[in-house]
Amino acid sequence: MISELVSFINNILWGEGQVLIYLLIIAGVWFTLKLNFIQIRHFRHMFSVMKGSGKSDKSGISSFQALCTSLSARVGTGNLAGVAVAISLGGAGAVFWMWVIALLGMATGFAESVLGQLYKVRDDNGEYRGGPAYYIQQGLNKRWLAITFALFLFLGYGFIFSAVQANTITDALNFAYDIPTLHSGLVIIGLAALIVVGGLRAIARFAEWVVPFMAVGYIAVTLFVTIMNIDLLPAMLMDIIQSAFGLQEAGAGALGAAFKNGVQRGLYSNEAGSGSVPHAAASATPNPNHPVSQGYVQMLGVFIDTMILCTCTAFVILLAGGSSSDQMEGIRLTQNAMSSHLGGGGTEFVAAAISLFAFTSVVANYAYGESNLHMFKLDNKLGRACYTTGYLAMILWGSMAALPEVWAAADMALGLMTVINITAIIMLTPTIVSISKDYFDKHKQGKNMEYHTGDCEIQGESEKGIWDKGE
């Protein structure tokens with residue numbers, strides 16, 4: 001019964017209805033136009049904002065920690081297993097559409113992260129909390145919609161997505177080393193519990209050390225593989241373009257499959273528009289002290305995740321010959337592709353990489369769910385204990401569940417979150433444009449980049465005190 005309901009909802013969101021595909025493209029184009037192609041015009045500025053990004057205060061984490069925390073959640077199964085699924089079901093052309101949705105998603109990610117920072121609040125411990133539920137409640141004054149989003153986020157990031165990550169880790173380790181899924185699942189639970197018990201700050205410290213290491217290492221190996229197969233690169237790129245537009249024998253059918261799977265897995269990987277990343281953006285102490293600075297930080301996150309890391313996996317798979325299978329092979333396709341390049345060590349390398357990538361996602365997902373406890377007045381010891389117990393139990397379930405079953409539940413949760421969040425940020429467009437213009441003007445004129453309440457017109461009301469003193 002539950003699986004039928006999940007299938008029905010996913011068919012509307014991702015299948016025949018394709019509601020989310022259209023919604024994501026509309027949102028990406030909308031914010032690209034409203035912000036005057038910010039992801040292209042301000043591409044260099046996006047990197048310059050990271051200067052001094054290690055600064056924080058007692059209420060928040062640093063901008064660099066916020067970027068690493070968001071990348072912890074983004075960089076996971078979507079980058080290795082998700083890309084493999086997209087290529088298996090949509091062919092090489094799916095890679096092109098992942099690039100397109102990432103480019104558009106950079107503008108969407110900017111918009112939602114600006115809102116997350118602008119409408120953040122302080123919890124009972126004096127720490128920053130924020131995200132779609134907060135800007136829906138304060139900016140749109142729609143608490144019922146805020147609560148609905150928070151519930152879907154608990155379902156998705158609090159529970160299901162960690163199960164997806166655990167499923168991929170245990171499957172990769174079982175394939176590479178024949179380790180029973182239950183055993184590796186228990187190890188994941190133990191390690192995750194040690195980190196998440198320290199809350200957001202502990203998760204952010206973990207992320208800022210692990211994420212750069214794993215990203216640079218993975219890119220280096222992929223560059224080595226690409227250089228080894230440099231003669232195949234032009235043909236591979238041509239195949240991506242031709243497949244993306246249905247210019248091969250399969251024609252329109254291939255075009256549809258490439259488009260659908262590229263967009264779907266692109267969203268799952270970079271999360272732009274889903275409403276997850278604003279939680280990390282809201283937790284940061286901005287530098288410069290303006291909400292828009294966090295929009296640039298998280299726009300960079302979309303670029304790193306999809307345009308760089310997902311592309312790395314796609315190149316490894318396609319340079320190994322790709323896949324003509326119509327089955328959801330997941331991480332094993334990536335492992336087989338890497339083995340064809342590196343020999344027997346390829347499977348072990350991918351197993352190690354996915355374990356690290358996915359584990360950081362497991363940890364970061366906890367932080368997103370915890371941020372919304374404040375919405376339900378459960379930001380206390382009992383509330384955290386109940387949430388943590390459910391979170392760890394779902395990791396154990398996910399470690400032994402069937403892959404299609406887990407992916408379907410994840411797609412449903414992500415889809416429902418995205419519908420609500422995109423609707424909200426489009427309704428809040430006047431605020432996004434107004435506060436962005438305030439930043440652009442101050443930067444152009446060389447003025448102090450601090451933002452204060454009243455500097456520009458916004459919808460609703462941001463938390464009193466946070467921006468009044470430029471804290």
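The loop between α8 (132-139) and α9 holds N141, a residue with a positive phi of about 55° although it is not a glycine. N141 is exposed, at a relative accessible area of 68%; exposed means over 50%, buried under 20% and partly exposed in between, with a 1.4 Å probe and protein chains only. Helices are DSSP runs of H or I with at least four residues, numbered from the N terminus. The model is predicted: local features need pLDDT of at least 70, side-chain atom pairs count only at pLDDT 80 or more, and totals for chains, interfaces and linings use all residues. Residues are numbered from 1 along each chain as its sequence is written, and side-chain values use heavy atoms, with hydrogens and water left out.

**Helix α9**
- Helix α9 covers residues 143-177, 35 residues in number, and reaches 49 Å from its first C-alpha to its last, close to the 51 Å expected at 1.5 Å a residue. The expected span is 1.5 Å times one less than the number of residues.
- At I160, α9 bends by about 40°, the bend being the angle between axes fitted to the seven residues ending there and the seven starting there.
- A163 is in α9 and is buried, with a relative accessible area of 0%.
- The C-alpha atoms of A163 and A393 are separated by 9.0 Å, although the two are 230 residues apart along the chain.

**Positive phi**
- Most residues other than glycine have a negative phi.
- F37 is not a glycine either, yet has a positive phi of about 55°. F37 lies in the loop between α2 (19-34) and α3 (38-41) and is partly exposed, at 41% relative accessibility.

**Nonpolar core and contacts**
- The largest nonpolar core has 155 residues, of which F110, I136, Y218, Y296, F359, Y391 and I395 touch the most other members. Helix α15 (residues 291-319) gives the most to this core, with 17 residues. Such a core is a set of buried Ala, Val, Leu, Ile, Met, Phe, Trp, Tyr and Cys residues joined through side-chain atoms within 4.5 Å.
- Not counting residues up to four places away in sequence, Y391 touches G158, F159, S162, A192, V196, V362, V363 and Y366. Contact means heavy atoms within 4.5 Å.
- T418, in helix α19 (residues 403-427), is buried, with a relative accessible area of 0%. Beyond its neighbours within four places in sequence, T418 is in contact with residues including L20, L267 and S274.

**Cysteines**
- The whole structure has zero disulfides, a disulfide being a pair of cysteine sulfur atoms within 2.5 Å.
- C386 is exposed at 51% relative accessibility, whereas C456 is buried at 14%.

Conventions. Helix = DSSP H or I, 4+ residues; strand = E, 2+ residues; numbered from the N terminus.
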